[in-house]
Amino acid sequence: MAKTIITVAPTGAWPTKKDNPNIPLNPKEIAADVVECYKAGAAICHLHMRDEEGRGSMSAERFQETVDLIKAQCDIVINCTTSGAFVSDGERMAHLPLVKPDIASYDCGTMNWMHNAVFTNTPQFLEQLGRLMIEHNIKPEIEIFDAGMIYNSIYYAKKGVLKTPMHYQFVLGAAGGMAATVENLVFLRSLIPEGSTWGALGIGKGHVPIMLATVALGGHLRVGMEDNVLYGPGQLAESNAQFVKRAADLVRLAGNEAATPDDARQILSLTR
């Protein structure tokens with residue numbers, strides 16, 4: 001059977017306990033949540049950190065504490081964000097040499113964010129980040145919010161900033177990016193270089209439709225409270241593991257199998 005990777009994104013930078021009291025925020029909560037998601041079928045965890053006030057943080061120490069707690073309990077693939085807002089380029093990358101995750105996000109272009117801010121990823125930052133990832137053998141997860149970002153990734157691959165085969169994550173439904181429609185998903189998938197791997201997610205109400213379309217198209221999945229705090233209309237998610245279990249059930253209904261962490265390492269050509 002084909003293997004489908006399920007990534008869990010348990011926290012993100014924005015949702016709070018007011019949005020859903022079940023969202024994990026501190027290192028112990030995040031680690032415990034990730035372990036439950038691993039048991040439910042997640043092969044990768046995509047990690048964001050929060051400070052003591054619950055605000056987004058790029059603290060290298062918090063990344064290290066959380067990753068150490070996770071690794072002590074399971075062998076899930078570690079994926080750390082580099083997309084901290086309102087911090088310097090250096091702070092966005094400082095945790096990578098320390099934590100040495102298997103994967104890290106690589107947001108391949110600048111865009112308006114939620115129509116009230118700019119999500120800045122300058123050419124200088126992207127070149128520096130790509131070369132740092134090569135130096136430390138970290139696989140970029142190339143996050144795509146709009147079609148032009150795919151062309152940016154192809155340019156950086158030709159320049160030697162990104163190694164091939166590349167892995168893409170289509171992030172659909174962010175205000176300022178492409179809408180979470182099946183048509184947009186099919187279009188983006190058609191643009192990536194041959195031999196690339198890919199996954200997708202829909203934010204908010206686009207969560208389930210994009211998940212279903214992704215399974216049908218043979219892609220990998222990302223679920224979790226970073227992208228959606230509701231399990232269904234008006235129904236708060238009880239846990240991130242609840243999202244993972246539903247994704248695993250859908251994968252099996254489609255005749256596939258949820259990938260293990262070792263499967264994910266093989267599919268994504270991870271050598272760590």
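## Helix H9 and its buried residues

In this predicted model, Asn240, Ala241, Gln242, Phe243, Val244, Arg246, Ala247, Ala248 and Val251 of H9 are buried (under 20% relative accessible area, with a 1.4 Å probe and protein chains only). Helices here are DSSP runs of H or I with at least four residues, numbered from the N terminus.

## The ends of H9

Ser239 caps the N-terminal end, with a side-chain oxygen 3.4 Å from the backbone nitrogen of Ala241. Just after H9, Gly255 has a positive phi of about 90 degrees.

Two packed helices are described by the angle between their axes and the distance between the axes. Axes are lines fitted to C-alpha atoms over the stretch in contact, and angles run from 0 to 180 degrees between N-to-C directions.

Helix H6 (residues 147-159) packs against H7 at about 15 degrees, with axes 10 Å apart. That makes H6 roughly parallel to H7 (an angle under 35 degrees). Ala147, Ile150, Tyr151 and Ile154 of H6 make the contact with Phe187, Leu188 and Leu191 of H7 (heavy atoms within 4.5 Å).

H7 (residues 182-191) also packs with H8 (residues 207-217), at about 40 degrees and with axes 10 Å apart. Here Val182, Leu185, Val186 and Arg189 in H7 meet Ile210, Ala213, Thr214 and Leu217 in H8.

## Reading the model

Local features need pLDDT of at least 70, side-chain atom pairs count only at pLDDT 80 or more, and totals for chains, interfaces and linings use all residues. Residues are numbered from 1 along each chain as its sequence is written, and side-chain values use heavy atoms, leaving out hydrogens and water.

Note on methods. Buried < 20%, exposed > 50% of the residue type's maximum accessible area, 1.4 Å probe, protein only. Helix = DSSP H or I, 4+ residues; strand = E, 2+ residues; numbered from the N terminus. Polar contact = N/O pair within 3.5 Å; in protein donor to acceptor, adjacent residues only side chain to side chain. Parallel < 35°, antiparallel > 145°, perpendicular 65-115°, else oblique.
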